[in-house]
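Morning, everyone. Please look at the screen while I talk you through this one.

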Number of protein chains: 2
Amino acid sequence: MKILIIGASGTIGKAIVAATSEHEIITANFNSGDIQVDLQNPDSIRQMFEKTGKLDAVISAAGVADFAPLAELSDANFQLALQNKLMGQVNLMRFGQDHINAGGSITLTSGILSRHPMPGSAVISMANGALESFVKTAALEITTFRFNIVAPAFVKETMEMMGMDSSFGISAADTSKAYLAAINGKMHGETLDATDFI
Amino acid sequence: MKILIIGASGTIGKAIVAATSEHEIITANFNSGDIQVDLQNPDSIRQMFEKTGKLDAVISAAGVADFAPLAELSDANFQLALQNKLMGQVNLMRFGQDHINAGGSITLTSGILSRHPMPGSAVISMANGALESFVKTAALEITTFRFNIVAPAFVKETMEMMGMDSSFGISAADTSKAYLAAINGKMHGETLDATDFI
C-alpha cells in the first residue's frame with residue numbers, strides 16, 4: 001500500500017510509521033517529513049494531495065487543540081480546536097477523497113476525551129465529539145473508500161514526557177495497532193477505541 | 001423563575017414558551033421577541049445578557065446548520081454549523097454564566113442526528129456531537145449552575161411542514177417536556193434524549 005501519514009513526527013505518528021514499514025510511506029508534518037502541511041490551511045491540504053498522487057490509505061495522527069481550564073478558554077482556543085484539530089482532519093477527507101484508490105481508507109484521530117472527559121479538556125472533547133459524529137455520518141454517503149477514526153487512550157510516552165504517572169497509559173506502539181486494523185480491516189464509519197486493539 | 005428562551009419563535013421554542021407560562025419569560029429571536037440576538041455574533045450575545053439582568057434559567061432552542069449531501073457541502077456550510085449552531089450555543093454558556101442565579105441552569109439543544117445520523121446530516125451531526133461532548137466536559141468545571149443539553153427527536157410539526165410522514169415524529173409539546181425536566185431537575189452535564197421524557 002501507498003500510505004500518507006499526516007503527523008508522522010508525533011509520538012503516535014512515529015509508531016504508525018514503524019508499524020507500517022512494509023508499505024510505501026509518505027510522511028507529512030508541519031515542519032518536516034516528505035511534505036510540509038499546515039492542517040489549519042485548506043489550501044495547504046489541497047497542495048499536499050497534488051504532490052502525493054494516488055494513495056491507498058491516508059492516516060491522520062495530527063491536529064492541535066489546547067488543554068486548559070474552562071474559565072481560561074478564549075475565543076482563540078475554541079477556534080484553534082475547530083479550525084485545526086476538527087476542520088483540518090475533516091478537510092483531509094474532503095480534499096483527499098479523490099486521491100484514494102478504490103477500496104482504500106482514510107483514518108482520522110480523535111481521543112478518549114470525548115467519551116471520558118476530564119476538567120481542562122472542554123475544547124479537545126468538543127473537537128473529538130464532532131470528529132466522531134462526522135465520521136459516522138459522512139461514512140453513510142461514502143462508497144468508494146472506508147472512513148474511520150481512532151480514539152487513542154492516554155499514551156504512555158506522552159504521560160511520561162508530561163511527568164504524569166504513566167502506569168495506566170498505553171504505549172504508542174500498542175496504540176498504532178488500531179490504525180493497522182483501520183487500514184487492513186473492513187470497518188467503515190467507526191470509532192476505533194485503541195484499547196480494543198492491543 | 002425568570003427564564004430566557006433563545007429561539008422562542010421556532011417550533012420547539014414556541015412549545016417551550018407555552019410549557020413555561022407560569023414563569024417570567026424573556027424571549028430572544030433573530031428577528032423578533034423581547035430581545036433580538038444573532039447567535040453567530042459573540043457581541044450580540046454579550047449585549048443580550050446585558051439587557052436580561054439576572055436569570056434563573058437560559059434555554060436555547062436555536063442554532064442553524066444545513067442539511068445537504070456530503071458532496072455538496074461547502075466550506076461555508078461547515079463554518080455555519082460551527083459558528084452558529086455550535087459556537088452560538090457554546091457562547092450562550094460562556095457569556096451567560098455570570099448572569100445565572102445560584103442553582104439555576106443553562107440548557108442547550110442538539111438533536112438525535114449525532115447518535116442516529118442519516119445521509120445529508122454530516123454538518124448537523126458534527127455540531128450536535130461537538131455540543132454534547134462540550135456540555136458533558138464543561139459541566140465537570142461548572143459548580144454554580146446546572147448545564148445540560150436536550151437532544152430532540154424528529155419533531156412532528158416540522159416533518160409535516162416538510163411534507164414528510166410524521167407518524168414517528170414527536171410533537172413539539174412532548175419535546176418541550178425534556179426542557180422542563182432540565183430546568184426543574186437535578187441533572188448536570190447530561191444529554192437529555194427527548195424521547196425519554198414523553
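I'll start with the ground rules, then take the interface, the symmetry and the sheets.

This is a predicted model, where local features need pLDDT of at least 70, side-chain atom pairs count only at pLDDT 80 or more, and totals for chains, interfaces and linings use all residues. Residues are numbered from 1 along each chain as its sequence is written, chains are lettered from A and ligands numbered from 1 in the order in which they are written, and side-chain values use heavy atoms, with hydrogens and water left out.

Now the interface. How many residues of chain A are in contact with chain B? The number is 37 residues of chain A, against 37 residues of chain B. Contact here means heavy atoms within 4.5 Å. The buried area between the two chains is about 2,800 Å². That is the accessible area, with a 1.4 Å probe, that two parts lose on being put together, summed over both. Carbon and sulfur atoms give 64% of that area.

Next, the polar side. The interface has 14 residue pairs in polar contact, both residues at pLDDT 80 or more. A polar contact is a pair of N or O atoms within 3.5 Å; within protein, one must be able to donate a hydrogen and the other to accept it, and residues adjacent in sequence count only if both atoms are side-chain atoms.

Which elements of chain A give two or more residues to this side? They are helix H3 (75-96) and helix H4 (122-138). H3(A) gives the largest share, eleven residues. Helices are DSSP runs of H or I, at least four residues, and strands are runs of E, at least two, numbered from the N terminus. By class, chain A's side has 21 nonpolar, ten polar and six charged residues. Ala, Val, Leu, Ile, Met, Phe, Trp, Tyr, Cys and Pro count as nonpolar, Asp, Glu, Lys and Arg as charged, and the others, Gly among them, as polar.

Salt bridges next. The term means a side-chain nitrogen of Lys or Arg within 4 Å of a carboxyl oxygen of Asp or Glu. Two salt bridges are counted between chain A and chain B. A:Arg94 pairs with B:Asp75, with the closest N and O atoms 2.7 Å apart. B:Arg94 meets A:Asp75, also at 2.7 Å, N to O. B:Arg94 sits in helix H3 of chain B and A:Asp75 in helix H3 of chain A, so this pair joins two chains.

On to symmetry. A rotation of 180° with 0.0 Å of shift along its axis puts chain A on chain B, RMSD 0.0 Å. The two copies are thus related as by a two-fold rotation axis. The superposition is by least squares on the C-alpha atoms of residues with pLDDT of at least 70 in both. Which residue of chain A comes closest to the axis? A:Ala130, at 2.1 Å by its C-alpha.

Last, the sheets. In chain A, seven strands form an open parallel sheet, in the order S3-S2-S1-S4-S5-S6-S7. Strands pair if DSSP finds at least two bridges between them. The edge strands are S3 (35-36) and S7 (191-193), each pairing on one side only. Five bridges join S5(A) to S6(A). A:Ile106 stands opposite A:Phe147 in S6(A).
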